[in-house]
Amino acid sequence: MAKDVTLADIAAKIGVSTVAVSKALTGKPGVSDELRIRIRQAAERMGYISSVSGKSSVTETGNIGVIIPENYYGYSISFYGQLYEKVVRALYENQYYGILELLSKEDEMDGTIPKVLRDGKVDGLIFMGQMDEDYICKIVGRSELPVFFLDTYIPSVAVDTVVSDGYYGTFMLTDYLIRRGHTKIGFVGNIDATDSIADRFWGYRKALRNHRIEFESRWEIPDRSQYGKIGRQILYESGGLDAYVCNCDYAAHVVIQDLEKMGYSVPEDVSVVGFDDFLPLDLGMGTDRITSYSVDMERMAQICVKSMIKKIRHQKYAEGIQIVTGKIVEKQTVKDRAESK
């Protein structure tokens, strides 16, 4: 029979006193929130059985924490609001519940541990959207709970994540424009803002290179601040370009407005494509207008949730980066340049 796990075993594992372990497991004061979390998680992983109750001192909650930077979240009208709803639905279908926590920029910079983790209310964490690398490293390094990422990844850190195919998707969009007669194509997106935008930029560059189109530095057009907020105006001049590849549909929406204010017509004069196939409902632009690369949010959410549950249950799952492909959806913002010559 396997030896019962004792408080001393847990203390030795963590490197603290048995008194600290006892206080952490019984909810008594005298230990920090961070240490309490580490002790409880270690006790669960080691299979500690409370001598008082005869049951595991740490039980499954049936909850998954979903952490989203507040600057990306806008309820159901935003991309991440829609993605979160699909995650919650996928969790519910698998007898779990999602607890949303919005991460402020201050807490991210200070390295503050999410409240759902401090309170021991969840069995795992799903992080959505780009976050500071140091923050991610701290949380992953100090949490013994399973962690998954959705629509983001950290190139320098080995993490489990589910992302859309930004590189190939933008390659396809750019190739699509070139084959329809466009040769002066700008890329709209701040590549220093997120890794996903950078991936889309390099997919765009790959398509130009494949068609032997010489890239010009002025074709790279930033669209947002370092905090991810897209400007109300992106273009201040057309620059003689005949098409724009935008890193998301909202940026494409702003570009179209800017072009129309300058007297250009889309797509008669200039073609514009976006990415995600998603626009907030309150913009007043029909969702059937912008040609885009459609991201399969539902499949991304399902893969993430099912992989997370397997990870919680110590079952085999696909580790590392899982890429979900999408498709080009042709709408009303691209026209063959040959037709206008």
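This is a predicted model: local features need pLDDT of at least 70, side-chain atom pairs count only at pLDDT 80 or more; totals for chains, interfaces and linings use all residues.

Start by selecting arginine 179 and aspartate 175. They form a salt bridge, with the closest N and O atoms 2.7 Å apart. Both residues sit in helix 8, 4 residues apart, or about one turn of the helix. Now show the surface: arginine 179 is exposed at 62% relative accessibility, whereas aspartate 175 is buried at 14%.

Next, pick arginine 180 and glutamate 330, whose side chains meet in a salt bridge (3.9 Å, N to O). Arginine 180 lies in the loop between helix 8 and strand 6, and glutamate 330 in the segment after strand 12, so this pair ties together parts 150 residues apart in sequence. Glutamate 330 is exposed at 57% relative accessibility, while arginine 180 is partly exposed at 22%.

Now display helix 8 (residues 166-179) together with helix 9. Their axes are 7 Å apart and the helices pack at an angle of about 40°, so the two are oblique to each other. The crossing is right-handed.

Stay here and select Tyr167, Tyr168 and Trp202. They form a nonpolar patch on the surface, with about 340 Å² of accessible area together. Tryptophan 202 belongs to helix 9 (residues 195-210) and is partly exposed, with a relative accessible area of 45%.

For a last stop, select arginine 218 and glutamate 216, a salt bridge whose closest N and O atoms are 2.9 Å apart. Arginine 218 is partly exposed at 45% relative accessibility, and glutamate 216 is partly exposed at 33%.

Note on methods. Residues are numbered from 1 along each chain as its sequence is written. Side-chain values use heavy atoms; hydrogens and water are left out. Patches are made of residues with over 30% relative accessible area and no salt bridge: like charges are joined within 9 Å, nonpolar side chains (Val, Leu, Ile, Met, Phe, Trp, Tyr) within 5 Å. Accessible areas come from the Shrake-Rupley method with a 1.4 Å probe; for residues, only the protein chains shown count as cover. A salt bridge is a side-chain nitrogen of Lys or Arg within 4 Å of a carboxyl oxygen of Asp or Glu. Buried means under 20% relative accessible area, exposed over 50%, partly exposed in between (1.4 Å probe, protein chains only). Axes are lines fitted to C-alpha atoms, for helices over the stretch in contact, and angles run from 0 to 180 degrees between N-to-C directions. Angles under 35 degrees count as roughly parallel, over 145 as roughly antiparallel, 65 to 115 as roughly perpendicular and the rest as oblique. A crossing is left-handed if the near helix is turned anticlockwise from the far one by less than a right angle, and right-handed if clockwise.
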